[in-house]
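Subject: Structure for your files

Hello,

Here is the structure I said I would pass on. My notes on it follow below.

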Amino acid sequence: MRIGELERRTGVNRRLLRYYEEQGLLRPERMPSGYREYAEPDVATVRHIRNLLAAGLSTITIADLLPCMGKDGDTLIADCPELLLDLHRERARIQAAIHELETARTTLDAVIATAPPEAEQAARTLLTPAS
């Protein structure tokens, strides 16, 4: 399939698909005309890339991981034990970020709780669209 079809099937724009290729995440076949030709498994690969990016992994890390990831349908399987260390490290990083965000939320909740009722009412008025 051509890049337009891969874009349509994955919802990822062409510019990002080309970027994934530059990063070594996708390896389409090149036709004599120069067009990229993608295979059916590339649809799942793009979805995996998007999921791993959403998990906070960099494209460099994903490029290292993808060759060691088996596939069970749409599920990635960590086939290389040595890469489990990287996955555990990334998970710990994400967990630490979640903890920091929860702490920040708790702090904001505490500050908000100190607001007098008239300030809270004024804030609600500002948020309510005028008719």
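What pattern does the protein chain follow, read along the sequence? The order is α-α-β-β-α-α-β-β-α-α, made up of six helices and four strands. Please keep in mind that this is a predicted model.

Overall shape: the radius of gyration of the protein chain is 22 Å, well over the 14 Å that the globule rule gives for 131 residues, so the chain is more spread out than a compact globule. The C-alpha trace spans about 70 × 45 × 25 Å along its principal axes.

Helices H1 and H2: H1 covers residues 3–10 and H2 covers residues 14–22. Their axes come within 9 Å and cross at roughly 105°. Angles of 65 to 115 degrees count as roughly perpendicular, so H1 is roughly perpendicular to H2. On the H1 side, the contact is made by Ile-3, Gly-4, Leu-6 and Glu-7; H2 contributes Arg-14, Leu-17 and Arg-18. Sorted by class, the residues of this contact are three nonpolar, one polar and three charged.

Largest pocket: its volume is about 170 Å³. The lining consists of 10 residues, and those nearest the centre of the pocket are Leu-25, Leu-26, Arg-27, Thr-45 and Leu-66. By class, the lining residues of the largest pocket divide into five nonpolar, two polar and three charged.

Regards

Technical notes: Residues numbered from 1 in each chain as written. Predicted model: local features only at pLDDT ≥ 70, side-chain atom pairs only at ≥ 80, totals over all residues. Heavy atoms only, no water. Axes fitted to C-alpha atoms, helices over the stretch in contact; angles between N-to-C directions. Helix = DSSP H or I, 4+ residues; strand = E, 2+ residues; numbered from the N terminus. Parallel < 35°, antiparallel > 145°, perpendicular 65-115°, else oblique. Contact = heavy atoms within 4.5 Å. Nonpolar A, V, L, I, M, F, W, Y, C, P; charged D, E, K, R; others polar. 1 Å grid on protein atoms, 1.4 Å probe; cavity = no way out; pocket = protein on both sides within 12 Å on 5 of 7 lines; lining within 4 Å. Points joined across faces, edges and corners; volume = space filled by probe spheres on them. Rg over C-alpha atoms; globule rule 2.2 N^0.38 Å.
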